[in-house]
Amino acid sequence: MDNMKFIANGGHWNVYKFDGILCIHPNEYKNPIIKRCIRPTKDDMYIHSQDIHKQIRSIGIPTIEYCIFHICDNEKNLVCENLNEGDIFYVSPNTIRGYIPTEKVELLQAIGIENHSNKISEEEEYCLQNQIKQINNYKIILDRIKKDVTTLAKNHISICEDAFFFGRNKMQTDVDLLYKLADFDNVCINTDVESKDLMNSNIIVGISALWEYIHFFMKEGEKKSEYLQHLQNLLKLHQNKQ
């Protein structure tokens, strides 16, 4: 496919933005995200993401509008909604965990250490440089996450931190935080664990994901310390139930 711009990479995928209208009969998709496996793989990984997304969307959990396995010119693609087309920027703490600032990469290269990925999206870079000061709906977003991951557990879906993308208005630093599930590699159907145990496990994951977002994308200060301490206390409470 032409009109693709490489924007980021992660543990499994190279991520591109398609500029224009992508036609997959009978539908058209405007400026979608295209994901391609970094290493050659069977169709399973693409189909897994497509199927898990379909199940999550069917039970009303916030997620991307579409996630479609599509082969074009013998290239396998996962075609996904672009969450960053408007004033709301969605980012994942997952990408930032392994991020090394440019100056450190240059230092490592200068002493002969190569192979450090330094590619994060423009939106992630923006949110790192323009960190939030306050979450106006902190209790609401926390309660929503706990409720949604409990619903996932009731449907035998085991979630992971990497699936969470948090959204904020790019022009504000006091924000009403949003979230969507948008990465499905490590999300799975789990019928081997009792429902109450999966609920508790999912709640731990949801709290951890919010903790990471605040840790990476919020300015240092009293509010950040308050949120992180509250989440750490909640994590201890639920970890003691395991």
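Predicted model: local features only at pLDDT ≥ 70, side-chain atom pairs only at ≥ 80, totals over all residues.
The protein chain contains seven helices and 14 strands. Its C-alpha trace extends over about 50 × 50 × 35 Å along the principal axes. A compact globule of 242 residues would have a radius of gyration near 18 Å, and the value of 19 Å found for the protein chain therefore agrees with that expectation. Of the 242 residues, 47% count as buried. The accessible surface of the protein chain amounts to about 12,800 Å², and carbon and sulfur atoms hold 48% of this area. Among contacts with a separation of 6 or more, 67% are accounted for by residues 24 or more positions apart.

In soluble globular proteins, nonpolar side chains tend to be buried together. In the present model, the largest nonpolar core comprises 60 residues, of which I56, I159, F164, F166, L181, L210 and I214 touch the most other members. Helix α6, spanning residues 195–217, gives the most to this core, with a contribution of nine residues. Apart from this core lies another, made up of nine residues that include L22, I24, Y66 and V79. The surroundings of L181 illustrate the packing in the largest core. When residues up to four places away in sequence are not counted, L181 touches I56, I61, P62, T63 and I64, together with L152, I159, A163 and F164. Two of these partners, I159 and F164, are themselves listed with L181 among the residues that touch the most other members of the core.

One of the partners of L181, L152, is also among the buried residues of helix α5. This helix covers residues 138–154 and has 17 residues. From its first C-alpha to its last, α5 reaches 25 Å, close to the 24 Å expected at 1.5 Å a residue. Its buried residues are Y138, I141, L142, I145, D148, V149, T150, L152 and A153. After α5 comes H156, which has a positive phi near 65 degrees.

Nine salt bridges are found when the whole structure is searched. In one of them, K5 pairs with E122, and the closest N and O atoms are 3.2 Å apart. K5 counts as partly exposed because its relative accessibility is 48%, which lies between the limits of 20% and 50%. E122 has a relative accessible area of 57% and is therefore exposed.

A further salt bridge joins the side chains of E85 and K17, with an N to O distance of 3.5 Å. E85 is placed in the loop between β7 (75–80) and β8 (88–91), whereas K17 is in strand β2 (residues 13–18), so the pair ties together parts that are 68 residues apart in sequence. Both residues count as partly exposed, E85 at 40% relative accessibility and K17 at 29%.

Strand β7 takes part in another such link through K76. The salt bridge of D43 with K76 has its closest N and O atoms 3.0 Å apart. D43 is located in the loop between β5 (33–37) and α1 (44–58), and the two residues are 33 residues apart. D43 is partly exposed, with a relative accessible area of 28%, and K76 is likewise partly exposed, with 24%.

S121 lies in the loop between α3 (102–110) and α4. At 9% relative accessibility, S121 counts as buried, because the limit for burial is 20%. Residues up to four places away in sequence being left out, S121 touches I7 and A8.

K224 is situated in helix α7, which runs over residues 222–239. With a relative accessible area of 4%, K224 is buried, whereas the lysines K5, K17 and K76 are partly exposed. Beyond its neighbours within four places in sequence, K224 is in contact with I214, H215, M218 and K219. K224 and I214 are separated by 10 residues in sequence and by 6.9 Å in space, C-alpha to C-alpha. I214 is in turn one of the residues that touch the most other members of the largest nonpolar core.

Note on methods: Residues numbered from 1 in each chain as written. Heavy atoms only, no water. Core = buried A, V, L, I, M, F, W, Y, C linked by side-chain atoms within 4.5 Å. Buried < 20%, exposed > 50% of the residue type's maximum accessible area, 1.4 Å probe, protein only. Helix = DSSP H or I, 4+ residues; strand = E, 2+ residues; numbered from the N terminus. Contact = heavy atoms within 4.5 Å. Salt bridge = Lys/Arg side-chain N within 4 Å of Asp/Glu carboxyl O. Rg over C-alpha atoms; globule rule 2.2 N^0.38 Å. Areas by Shrake-Rupley, 256 points an atom, 1.4 Å probe, with all protein chains shown as cover. Expected span 1.5 Å × (residues − 1).
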